[in-house]
Amino acid sequence: MKVQIYPPPFASLTNLDEDGMMVLPPGARLFTVYRRLKIPLVLQPLVICNVNYQRMKLNTQLKDGDVISFMLPLAGG
Amino acid sequence: MRGDFLKGYCGKILMVDLSDSTFEEIEIPDMIYEHFLSGVGLGAYILYKYLPQGADPLGPDNILGFVSGLLTGTGSFMTGRWLAVCKSPLTGGFGDANCGGTFSPAIKQSGYDGIFLKGQSPTPKMLFIDNNGPQLLDAADLWGLDTVETEAAINQKITANKKLAIATIGPAGEHQSLIAGISNDGGRMAARSGVGAVMGSKKLKAVVLAGSKMIRSRDPQTIKTISRDYAKKVKASNLPPLATGAMLPMMGKSMVATDKAIPIDGMLSTAIIKKWGTGFTNTMGMTMGDTPVKNWKGSVADFPYRKYRHMNPDQIQKHETQKYHCYSCVIGCGGVCDINGISKGRFSHTHKPEYETVAAFGSLLLNKDRDSIFIINELLNRGGMDSISAGNTIAFAMECYEKDWLSPEVTGGLELTWGNAEAIVTLVEQMIAGVDFGAILQHGVKKASEILGIESAPLAIHAGGQEPGMHDPRLDPILGIHYSCDPTPGRHTIGAGSYYTYMRIWEDVTWAPKVKLGEDKNNEYEATNQVGLKSMINVCIKQILDGSGGCFFALVSGLNHFKIFDYLNAATGWQKTPNEYMTIGLRMQTLRQAFNVREGINPRDFKMNERLSGNPPLKEGPLKGKHFNIDEMMSIHYQFMGWDKKTGIPTKTALSDLGFCDLEMEGATHG
Amino acid sequence: MADKKKPVIDYELCMACGICSGDCPLSCIALRKTDIDRYQKAYPVLDEYYRCTGCTRCAKACPMEAIRMM
């Protein structure tokens, strides 16, 4: 199955295609995404991660087409 | 067909002649809104049509407009913005200043999409509009009051059925400081372009609105559905409790650790803005290189952690007593701060200082005294002066002082050494009052350098007279394009490579290039076709946003969430595609540019001081060595806008292709 | 004579956007309740109960349908 990922800047991008899609085995959980993105443990408290714009636990089971977004600030103001 | 007349806009404007105290309601045909939307587009249309060519910006022929947005009051979220429009006394070209607060819906609830004022009153006046119509009331007793005092006095004087929405100038506008702005609700500022000076030149102290007419749109149910979907996502976007301001510098470092583009989901940025407002980037911007230091010639090496840590937004938040938000906003980036203690009783409260103010009076001046920034914030809000322009002007003076071009004799004893907070506060007071050394600086950096002499010009950081916002084009060169190419130059909210990425406009606009994961960000330092296209797209969507009354933070939360095109169709009954809206945006921008050309402006003269294109490059910090060729970047932007690549003047072809209704466009092109 | 219905706000749905407050023709709704969310956003409260004519503009305007007339 494929999920859309919006990774944080320090993540490893090797498991994403150019559109930010990640291929996962069916039934994969959110922590698999964390692992594949290699998000450093020390930065995890700052990182917020929503699945389809809802906070979900790390053991949440994902499905095809889910949108997983990691928080990233921006400029302006 | 039933309901055809329900279009989201009012269909008329009010034209007030302050010279003879007359009012005229002008019906605006549907076609005008279809060509220019409302907001800035309507403002540009009215100014182009009615403002005599060559008008003195501080004379009776200038027209000052207060325009709401097409989507304001329709049930859409994030559409509570208004603009002040005029011929700018600061640049000589089109002037507009964007603001939030409570004023935007009040304009439409008066029954007008825009309120325009020409002429000059012989004595101070305020314009009051309620359901009975407009009146000009005496405001002689308000003249001289600051903006907060003025609002309080007006609320004492006038009782209306509805809470008054007030836009007012302070002493800076009364003195016609070219960097004066217009304040709403105690310090939300329409700050740029010298709009406050124009208001002051007309002896117009305030516009006071108390109307309650209904704003009707074609399909309110669809609008509500879009709004609910947006709100649901915003509500779910929250930072974890462990996230603190101390982590932000590290976040900034990680953002520039890679040259690869990472398309992000802008929706989650609302989480960070909900918590800290714009202040999240006070410290993050230092490590990224976004935040300018020492009159744009320094870096984090000059303002290291032990200094910039005082701007940690958590420390600013400590003073916040409650959030503040504009009409129809579900994010809420503003705040009200208790500064009674900090100001030793001088002021009780202030609007939470925005990032722009913190940077302009912090790192830009090497000032680490956070308390002084709160006080400066309130002084500028009350005085009615633009903090971006004021900070840049003081930075210029400090660099002149550093070079011994200014002495304490000239500055009236003020020691303008970098970081001297006490001197900065005193200087701000002088600038607002237009006295002492402040009299030289009160009109912005270009005028100040003209007074001080030609050698100082390279230190004066401006584009066509307007000082830049606190975001460094050496980090994001497309930002630099807009500093130099927008008809209101020096504005940081027009466009940038990063904004383009966050907007995800390619999901709606078929010809917009997609930002691919892992794209090399260094590509944006060259004047390529892709850069030209992105910068053109930035401008078109920004015009659509400003024509709708939309908030910049909604735009960068992603157009995949903030469905502005669907909102516009639901409000008006139009069935335009996003591509068609982009053409409207292109037309609106071309009209603003045409206005400048007709006023005799050479677009190339708006080129930003080359310090900001890395000429010469910085020797230290995250932007060490970064540079780009601004002339080439301007050319590629002009080309993609359909303007003459060399001159930036709209071509005859561009003008005839776009179509400008009844406007005479002859004087705005040269073939 | 039946009592006029007055707006009652459901704070579970309310986003504190301020539309109800801004649209009320008599400014009966104030944005001042800050104990709802963690950000201390100012939520609406019907401050002018007796001034309120029950015109229903706030309820109709609310995009979240968080206001009932009761």
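Student: How do you know that the length of helix H7 (residues 220-236) of chain B agrees with what a helix of 17 residues should span?
Tutor: This is a predicted model, so the check is on computed coordinates. At 1.5 Å a residue, H7(B) should span 24 Å, and its end C-alpha atoms are 24 Å apart, which agrees.

Student: Which residues of H7(B) are buried, and what covers them?
Tutor: The buried ones are B:Ile223, B:Lys224, B:Ile226, B:Ser227, B:Tyr230, B:Ala231, B:Lys233 and B:Val234. The cover includes helix H9 (269-276) and helix H23 (564-572) of chain B. On the spacing along a helix, there are 3.6 residues a turn, so residues three or four places apart point the same way.

Student: What makes helix H14 (residues 370-383) and helix H16 (residues 421-433) of chain B parallel or antiparallel?
Tutor: Their axes come within 10 Å and cross at roughly 0°. Angles under 35 degrees count as roughly parallel, and H14(B) and H16(B) are therefore roughly parallel to each other.

Student: Which residues meet there?
Tutor: From H14(B), B:Ser372, B:Ile375, B:Ile376, B:Leu379, B:Leu380 and B:Gly383; from H16(B), B:Ala421, B:Ile424, B:Val425, B:Val428, B:Glu429 and B:Ile432. They divide into nine nonpolar, two polar and one charged.

Student: How is chain B divided into domains, and where do domains 1 and 2 meet?
Tutor: The assignment gives domain 1 (12-209), domain 2 (268-459) and domain 3 (477-668). In the contact, 35 residues of domain 1 of chain B face 24 residues of domain 2 of chain B. On the domain 1 side, helix H3 (103-109), helix H4 (147-157), helix H5 (171-174), strand S10 (182-184) and strand S11 (188-190) of chain B each give two or more residues. H5(B) gives the most, with three residues. The centres of the two domains, taken over C-alpha atoms, are 26 Å apart.

Student: Why is B:Gln176 called buried?
Tutor: The cut-off is 20 or more other C-beta atoms within 10 Å. B:Gln176 has 21 such neighbours, so it counts as buried. B:Gln176 is in the loop between H5 and S10 of chain B, and its phi is near 60°, a positive value in a residue other than glycine.

Student: What makes C:Ala16 buried or exposed?
Tutor: With 26 C-beta neighbours inside 10 Å, C:Ala16 counts as buried. C:Ala16 is in the loop between strand S1 (7-9) and helix H1 (19-23) of chain C. Its phi is positive too, about 55°, although C:Ala16 is not a glycine.

Student: What should I know about the peptide bond from B:Asn615 to B:Pro616?
Tutor: That bond is cis, with omega near 5°. B:Pro616 lies in the loop between helix H24 (578-598) and helix H25 (630-641) of chain B. As background, most peptide bonds are trans, and most residues other than glycine have a negative phi.

How values were computed:
Residues are numbered from 1 along each chain as its sequence is written. Chains are lettered from A and ligands numbered from 1 in the order in which they are written. This is a predicted model: local features need pLDDT of at least 70, side-chain atom pairs count only at pLDDT 80 or more; totals for chains, interfaces and linings use all residues. Domain bounds come from an automatic or database domain assignment. Two residues are in contact if their C-beta atoms, placed from the backbone, lie within 7 Å. Helices (H or I, at least four residues) and strands (E, at least two) are DSSP runs, numbered from the N terminus. The expected span of a helix is 1.5 Å times one less than its number of residues. A residue is buried if 20 or more other C-beta atoms lie within 10 Å of its own, exposed if 12 or fewer, and partly exposed in between; C-beta atoms are placed from the backbone. Axes are lines fitted to C-alpha atoms, for helices over the stretch in contact, and angles run from 0 to 180 degrees between N-to-C directions. Angles under 35 degrees count as roughly parallel, over 145 as roughly antiparallel, 65 to 115 as roughly perpendicular and the rest as oblique. Ala, Val, Leu, Ile, Met, Phe, Trp, Tyr, Cys and Pro count as nonpolar, Asp, Glu, Lys and Arg as charged, and the others, Gly among them, as polar.
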